[in-house]
Each structure stands twice: as structure tokens, then as C-alpha cells.
Amino acid sequence: MTAWWPSSSYRIVAPLYDQSGTLVNVQARAIQPRDPRVLAPKGSRLRGSLFASSHGLEVLRGTWRGEMRVLFGEGLTDSVALASVAPIPVLCAPGTATARHGIGPWVEGLEVLLALDRDDAGEKALVPTARSAFEHGAIRVRRVCWPTGCKDAVDLVQRVGLVGLWEFLSSPLPEVARGR
């Protein structure tokens, strides 16, 4: 969804859902260099909310009957890129700091593919997010290791396009150990 909000530099506006699949918030992203880069309505709470593809909403609402894997990332633009190519459910926390809080009972019985950013914040969030997934009943957690020079899904799309992103995500991914 695109819209102008609240000024000319904030162009991408996307819904955020709670873990029951109820719309609870929105977030805007600047398309021009701007500080802050993202905005949410004043006084809103992002912790625990998620961007979700249509299949991701089915997972949150308990109606998903497809492949028992989900792609879990972070950030609005990665959410758009991942949801554009993935035939499996895509759910993304609004940011790295909220990633582990976005995991909940909805992961029970699922394999979770963690697509966090390849930066210090993403590295710091990896273990707590994986631990949260296991604590909530995930059967397996795998890590998307972005190629050198790519911090996230958007960087990879810029390098190889959307088809290349899905080919990359379809390759074998390393498993994250339960004890980490």
C-alpha cells in the first residue's frame, strides 16, 4: 500500500497486525533520505506487532493449511520484498529490536526461516529470536545468511532481482541450534 503520510517523504504505508491477525497499527517508511526513516502514529506500540503477507495472516488466524514453513524477517521494505516472491507465509517484525517479541504461539509446529538483517543488530537479535521460536513450539529454525555485500532482502533484490531473491531463498539454509 502506498500513500502520502504525514508529509511528502513518507510514501510507503503498511498495516501491522497483532498475533491474532487483527490490524492494530500502521507504519510509514520514507522513500527519500529522512530522519526518522520510519514513522508510526504518535503513541502507538510496535512491540509484538507484525507485517504479514496474506498467507502470513492465515498463519496468525490459525487457518493456514499449506506448507508448514514461515519466512520471518524484519522491517517494512524487507516484508514487501519477501512477500513479493515467497509462496510460503511471510511475517516480519517492524524492526530488529522487536523481532523476538513478534514470535508467539503461531509458530507451533512450524519450521521458521529467520531472515534478519546481516548487521550488528541482526546478529544480536538472531539467538533471542530463535530461542523464542523454539520456546513457542517451532519444530526447526533455519537462518537466511545473506550473501556478502547484502544486508537484507532489499539489497539482494537490487543485486539479482525478485526471481534471484526467491532462488536464493530456495537454497539449503543452515539450522539454528536449540541451545544457542
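Q: Let's begin inside the chain: which residues is Val141 in contact with, leaving aside its neighbours within four places in sequence?

A: Contact here means heavy atoms within 4.5 Å. Once neighbours within four places in sequence are set aside, Val141 is in contact with Val112, Leu114, Ala130, Ala133, Phe134, Pro174, Glu175 and Val176. Before we go on, a word on the model: it is predicted, so local features need pLDDT of at least 70 and side-chain atom pairs count only at pLDDT 80 or more, while totals for chains, interfaces and linings use all residues. Residues are numbered from 1 along each chain as its sequence is written, and side-chain values use heavy atoms, with hydrogens and water left out.

Q: Is Val141 buried or exposed?

A: Look at the relative accessible area: under 20% is buried, over 50% is exposed, and in between is partly exposed (1.4 Å probe, protein chains only). Val141 has 0% relative accessibility, so the residue counts as buried.

Q: Where is Val141 found?

A: Helices (H or I, at least four residues) and strands (E, at least two) are DSSP runs, numbered from the N terminus. Val141 belongs to strand S8. For a sense of distance, take Pro105: the C-alpha atoms of Val141 and Pro105 are separated by 15 Å, and the two residues are 36 apart along the chain.

Q: How many helices and strands are there in the chain?

A: The chain has 5 helices and 8 strands.

Q: How do I read the radius of gyration of the chain, and what is it?

A: The value is taken over C-alpha atoms, and the globule rule to set beside it is 2.2 Å times the number of residues to the power 0.38. Here the radius of gyration is 15 Å, close to the 16 Å that the rule gives for 180 residues, so the chain is as compact as a globular protein of that length. Along its principal axes, the C-alpha trace spans about 45 × 35 × 30 Å. Of the 180 residues, 46% count as buried. Among contacts with a separation of 6 or more, 61% come from residues 24 or more positions apart.

Q: How many salt bridges does a search of the whole structure find?

A: A salt bridge is a side-chain nitrogen of Lys or Arg within 4 Å of a carboxyl oxygen of Asp or Glu. The search finds 7 of them. One of these joins Glu67 and Arg69, with the closest N and O atoms 2.6 Å apart. Glu67 is partly exposed at 42% relative accessible area, and Arg69 is also partly exposed, at 21%.

Q: Which distant parts of the chain does the pair of Lys151 and Asp117 link?

A: First, the bridge itself: the side chains of Lys151 and Asp117 meet at 3.3 Å, N to O. Lys151 lies in the loop between strand S8 (140-143) and helix H5 (153-170), and Asp117 in the loop between strand S7 (111-115) and helix H4 (120-135), 34 residues apart. Lys151 is partly exposed at 31%, whereas Asp117 is buried at 7%.

Q: Which residue forms a salt bridge with Glu123?

A: The partner is Arg143, and the closest N and O atoms are 2.2 Å apart. This pair also links distant parts of the chain, with Glu123 in helix H4 and Arg143 in strand S8, 20 residues apart. Glu123 is partly exposed, at 39% relative accessibility.

Q: Which residues do salt bridges that share partners join into one network?

A: They are Glu111, Arg140, Arg142 and Glu175. Glu111 sits in strand S7 and is buried, with a relative accessible area of 9%. Not counting residues up to four places away in sequence, Glu111 touches Met68, Arg69, Val70, Ile139, Arg140 and Arg142.

Q: What does Ser79 touch, and where does it lie?

A: Ser79 lies in helix H2 (residues 76-85) and counts as buried at 9% relative accessibility. Beyond residues up to four places away in sequence, Ser79 touches Phe51, Val90 and Cys92. Thr77 is found in helix H2 too, but counts as partly exposed at 21%.
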